[in-house]
Amino acid sequence: MKNNFCIAVLPGDGIGPEVMQQAYKILNILKDKCLLNLQFMEYDIGGIAIDKYGVALPQKTLLGCQKSDAILLGSIGGPKWQSLPDKQQPERSALLPLRKHFNLFVNIRPSILHPELKNLSPLHSRITRFGFEILCIRELTSGIYFGNSGNNLNQELQEYAFDTEIYYKFEIERIAHFAFKTAQKRKKKIVSVDKANVLQSSKLWRRTVEEVSKNYPDVELSHLYIDNAVMQIIKHPNTFDIILCSNLFGDILSDACGMLTGSIGMLASASLNENNFGLYEPAGGSAPDIQDKNLANPIAQILSIALMLRYSMNLHELSDAIYSSVNTALKQGYRTFDITDNTDYISTDQMGDIISKLFIKEV
Ligand code: IPM
Ligand code: MN
């Protein structure tokens, strides 16, 4: 089994560098205690790269990622760069090109309700008492994010702007195959989300997912319109396992599912291509309001390492050990400020140390 890996570490902006410091603690344990030959190389991305080099995704960063087995990303963007022209915005000019460049068409976001955090979920206890574990599988390199777009913002004429949702059949097929294969390893159940009562792209989506499902007779497939899907997920999240969505619907639903677990600070994300190369990041964003305060929850960043071990390195036991260390920390009552309703919380750094200590015991 391969045990030498090179990881491109891209801390980025906002809370990115702080939570990445905690991720390094885990990476160092993997390197020193687990006989993994890990190499990490750090590169600039996002606003900090704009400040240094004038571009959000410098060539050096891209080449570094290209030479690696996986990318571990912090977060990108912040108020400092918000007034830049549209195309230079760090999210648009770094994250989307990175997804496209590496053909990361699969996005996975697991939303797990931890029993200890049930009281933080915005859902009523009569719903949360059943728990839930939803895996949002989102198409990530096509759809309205990458379709033709434009505008006429000449105020003397009637202003207009447009974006186009376009899906080629092969793009739907490949994400559907991934979802069905994943379902076979879980509860064998997929809900595909679309707006096939209105959108042409959704009609093709639904028909294609149906066709792909013929190859996986052991997996139960159903379809929901996006509006109904949101309603059903809020009403009985425990009845869902895998949700399969287009780029835009997945963007919205994954945040919604994440919040139902109590805090978006727990939500990790993996973006993969067909070679298991992946970009791993917290899904919560750069959170500039709490930047440099040692307050941010590092769990999403740490869990993105767990996803990296699973999906890019095929090291399932180590991945499970990270999940288990995080669970134990929560069980023992350790909380960062976003996952408690009182003032008894610990810092980013302390949470990183606690999870690392538990992880050492696991491995
Ligand atoms: C996400 C983010 C991005 C997206 C933004 C920052 C472009 O919201 O990863 O979900 O919309 O995909
Ligand atoms: Mn999003």
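**Exercise 1.** Is Phe170 buried, partly exposed or exposed, and why?

*Solution.* A note before starting: this is a predicted model, where local features need pLDDT of at least 70, side-chain atom pairs count only at pLDDT 80 or more, and totals for chains, interfaces and linings use all residues. Residues are numbered from 1 along each chain as its sequence is written, chains are lettered from A and ligands numbered from 1 in the order in which they are written, and side-chain values use heavy atoms, leaving out hydrogens and water.

Step 1: grab the cut-offs; buried is under 20% relative accessible area, exposed is over 50%, and partly exposed is in between (1.4 Å probe, protein chains only).
Step 2: Phe170 has 46% relative accessibility, so it counts as partly exposed.

**Exercise 2.** Where is Thr261, and which backbone oxygen does its side chain reach?

*Solution.* Step 1: Thr261 sits in the loop between α9 (247–260) and β11 (268–272); helices (H or I, at least four residues) and strands (E, at least two) are DSSP runs, numbered from the N terminus.
Step 2: with a relative accessible area of 5%, Thr261 is buried.
Step 3: its side chain gets to the backbone oxygen of Gly258, at 2.5 Å.

**Exercise 3.** Which residues are around ligand 1?

*Solution.* Step 1: look for any residue with a heavy atom within 4 Å. That gives Glu91, Arg99, Arg109, Arg138, Tyr145 and Asp251.
Step 2: check polar side-chain atoms against ligand oxygen atoms: Arg99 lies at 2.7 Å, Arg138 at 2.8 Å and Asp251 at 2.9 Å.

Definitions and conventions. Polar contact = N/O pair within 3.5 Å; in protein donor to acceptor, adjacent residues only side chain to side chain.
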